[in-house]
Amino acid sequence: MMQRDLVVLRPEGLYCEAGGFFIDPWRPVDRAVITHAHADHARTGHRRYLAAGDAREVMHARLGRVSLRTLQWGESITQGDVRVSLFPAGHILGSAQVRIEHRGEVWVVSGDYKLEADPTCTPFEPVRCDTFITESTFGLPVYRWRPDAQTMAEIASWWAENAANGRASVLLCYALGKAQRIQAGLARAQALAGPIVVHGAVAAVNAAYRAAGVGLPETLGATDWRRAAGGDAPLVLAPPSAAGSPWLSRFGESSLAFASGWMRVRGARRRRALDRGFVLSDHADWPGLMQAIDASGARRVIVTHGFEAAIVRHLSERGIAAHALRTEFGGEAGAESDGEVPGEGGPEASPAPTLEGVAPLSLSAAPPAEFAASEDRPAAIPPAQAVTRRTS
Ligand SMILES: [Zn+2]
Ligand SMILES: [Zn+2]
């Protein structure tokens, strides 16, 4: 029997007609189910929001006092003719996969997800379904992450080495999710080589994480740090848009690094005149995407935001019905998903990522501009010449 699709694309976003709600809509709607608090998925202007309980604090930090109902993991409610429940996506605190059941048919909209361990959020949980809607931010075989502990150790030794040389370690990272993962990861590895100083955008998210019960090491604001003036070279966590800003220049001689999955792209570090690039992503790598798709048991896979074509082709070759869906996730230029001031870093056209070890697949889905606020896009870092650099 031919059934109508449970989730379809409307101008406002992904829509579940039988349930009368949208999932992560990009235009204002009456009922929005939100997978997670990054700005390209959680936008302002909806009348009612539904999200995971773990997301409550970050949702309010991001959106203000919106009308928000939350569900515990696995708890289900009836919306219209469907049952809706949320399962952990492992992407950032409170990130959820949305399970929708209608007359025995199950769809899962997974939002953004990763399978790697992350001390700041509940691990990804596979959910069996008939149709799985997946992101594809890093959906090329070249994207394979190394174990988290290894990357944390690299960050720790970079920090220790800079500290030994009296230099600050400036680590650019997305303010929501990545910054907290790094803080918690370093604390867990007992690798704190001095004080951690955070940018205001990071501090605001830290407060929400702490209010939600996530353990983070002690951090200082820039002014507190100056006042304390202990002399220890700090680790400075700031959003990409802070590169080259007066806010950063106060730390004096420093080493500049960036933590992102995009650091896997050849030339990304050099192009931005970074001293170091740490490959650390809150999105699934290629094996992770395949593992999640397999674990869903889905007969049909719908691929959104990222390298849709590569995944669709790969799954089709494996006999799985797959197609791409054009969404507006990934944020249009200016989406402030890291709590950054829109436009702060300045939009910048940049070449498509250079991919090591892959035949040039259709790169039409390559993230187009390096202005971004979430990892859904390559990072916004002002051009090299705008970055204040040490001369040594
Ligand atoms: Zn996200
Ligand atoms: Zn996304």
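Me: A residue is buried if 20 or more other C-beta atoms lie within 10 Å of its own, exposed if 12 or fewer, and partly exposed in between, with C-beta atoms placed from the backbone. What percentage of the 392 residues in the protein is buried?

Reply: Buried residues make up 51% of the 392. This is a predicted model, in which local features need pLDDT of at least 70 and side-chain atom pairs count only at pLDDT 80 or more, while totals for chains, interfaces and linings use all residues. Residues are numbered from 1 along each chain as its sequence is written, and chains are lettered from A and ligands numbered from 1 in the order in which they are written.

Me: How many helices and strands are there in the protein?

Reply: Both are DSSP runs numbered from the N terminus: helices are H or I with at least four residues, strands E with at least two. The protein has nine helices and 18 strands.

Me: What share of the contacts joins residues at least 24 apart in sequence?

Reply: Two residues are in contact if their C-beta atoms, placed from the backbone, lie within 7 Å. Among contacts between residues at least 6 apart in sequence, 64% join residues at least 24 apart.

Me: Which residues have the most contacts inside the largest nonpolar core?

Reply: A nonpolar core is a set of buried Ala, Val, Leu, Ile, Met, Phe, Trp, Tyr and Cys residues joined through C-beta atoms within 7 Å. The largest one has 103 residues, and Val7, Leu171 and Leu237 have the most contacts inside it. Helix α4 (residues 200–211) supplies the largest share of this core, five residues. Domain 1 (7–143 + 282–324) and domain 2 (148–281 + 380–386) both contribute residues, so the core lies between them; the domain bounds come from an automatic or database assignment. Not counting residues up to four places away in sequence, Val7 touches Leu14, Tyr15, Cys16, Ile23, Ile100, Trp107, Val109 and Ile133.

Me: Which residues of helix α8 are buried, and where do they sit around the axis?

Reply: In α8 (residues 286–296), the buried ones are Trp286, Gly288, Leu289, Ala292, Ile293 and Ser296. They cover an arc of only 165° (taken from the directions from the helix axis to the C-beta atoms), so they are on the same side of α8. These residues pack against β10 (105–109), β11 (131–136), β17 and α9. Just after α8, Gly297 has a positive phi of about 65°.

Me: How many residues of helix α3 are buried?

Reply: Nine of the 11 residues in α3 (residues 178–188) are buried, so the helix is mostly covered. What covers them includes α2 (148–164), β12 (168–172), β13 (196–198), α4, β14 (235–238) and β15 (254–259).

Me: Is the strand pair of β17 and β18 parallel or antiparallel?

Reply: Strands pair if DSSP finds at least two bridges between them. Four bridges join β17 (residues 300–306) to β18 (residues 321–324), and the two run parallel. Ile302 stands opposite His323 in β18. With helix α9 (residues 308–317) they make a right-handed β-α-β unit: with the strands pointing away from the viewer, the path from the first strand over the helix to the second runs clockwise.

Me: Is Asp24 buried or exposed, and is Arg103 buried or exposed?

Reply: Asp24, in the loop between β3 (21–23) and β4 (31–33), counts as buried with 24 C-beta neighbours inside 10 Å. Arg103, in the loop between β9 (96–102) and β10, is exposed, with 9 other C-beta atoms within 10 Å. Phi is near 50° in Asp24, a positive value in a residue other than glycine, and phi of Arg103 is also near 50°.
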